Amino acid sequence: MLVSGCTENPGINNTYQSGDGTVTEFKKETRSEAVSWAGTTSDGYRIEAENLAGVVTVMNFWYAACTPCRVEMPDLVSLAKQYENKVQFIGVNVRDTAETANAFRRSFQVNFPTLIDKDTGETVLAFTGVVTPSAVPTTLVIDRDGKVAARILGLAEKSTLRTLIQTVLDEKTN
């Protein structure tokens, strides 16, 4: 049996492993507090959670050599187009330089910003203790209040992610 994943031997600079596709939804009334995250994009711009107050956000943690990341990216790009002006998609690259991330973005025609988290771990650390994105890829759906509403550990199936996004979009605001 051949097993493929996005992990290497564990080490001080490598705490990521391949996810198994587990989907976790959090009921609105039981969600943890809003996560205050921030990061710098591969184009050099700063994005913070506060910039997206009131906006449903999909955050995808990835890196260029990750096979499942490459498989799911066309679906993420398609969903970002489908939900344009309704949902903000943000990539979080956990291993690559800005140049590598931008080459990947061009190759896959990625239509949303990517934070470069390789050196600081700033964005990943913000989610520690809430819903740590411990596998790559991991995809989070964040509600209008900045709270994590759903998490997919591993490859995000398009139909599943679409359903999770729509569920959050359909929620009544407080």
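Predicted model: local features only at pLDDT ≥ 70, side-chain atom pairs only at ≥ 80, totals over all residues.
Q: How do helix H1 and helix H4 pack, at what angle and how far apart are their axes?
A: Helix H1, covering residues 67-82, packs with helix H4, covering residues 158-170, at an angle of about 35 degrees, and their axes are 10 Å apart. Helices here are DSSP runs of H or I with at least four residues, strands are runs of E with at least two, and axes are lines fitted to C-alpha atoms over the stretch in contact, with angles from 0 to 180 degrees between N-to-C directions.

Q: Which residues meet between H1 and H4?
A: On the H1 side they are Asp 75, Leu 76, Ser 78, Leu 79 and Gln 82, which meet Lys 158, Leu 161 and Arg 162 in H4, with contact meaning heavy atoms within 4.5 Å. By class, the residues of this contact are three nonpolar, two polar and three charged.

Q: New topic: how many aromatic pairs are there?
A: The structure holds four aromatic pairs, meaning rings with centres within 6.5 Å, called stacked when planes are under 30 degrees apart, edge-to-face when over 60 and tilted otherwise.

Q: Why is the pair of Phe 61 and Phe 127 edge-to-face?
A: The ring centres of Phe 61 and Phe 127 are 6.1 Å apart and their planes stand at 90 degrees, so the pair is edge-to-face.

Q: Where in the chain do Phe 61 and Phe 127 sit?
A: Phe 61 is in strand S4 (residues 56-62), while Phe 127 is in the loop between helix H3 (122-126) and strand S7 (138-142), so the pair, 66 residues apart, links distant parts of the chain.

Conventions:
Residues numbered from 1 in each chain as written. Heavy atoms only, no water. Nonpolar A, V, L, I, M, F, W, Y, C, P; charged D, E, K, R; others polar. Phe/Tyr/Trp six-rings, centres within 6.5 Å; stacked < 30°, edge-to-face > 60°.
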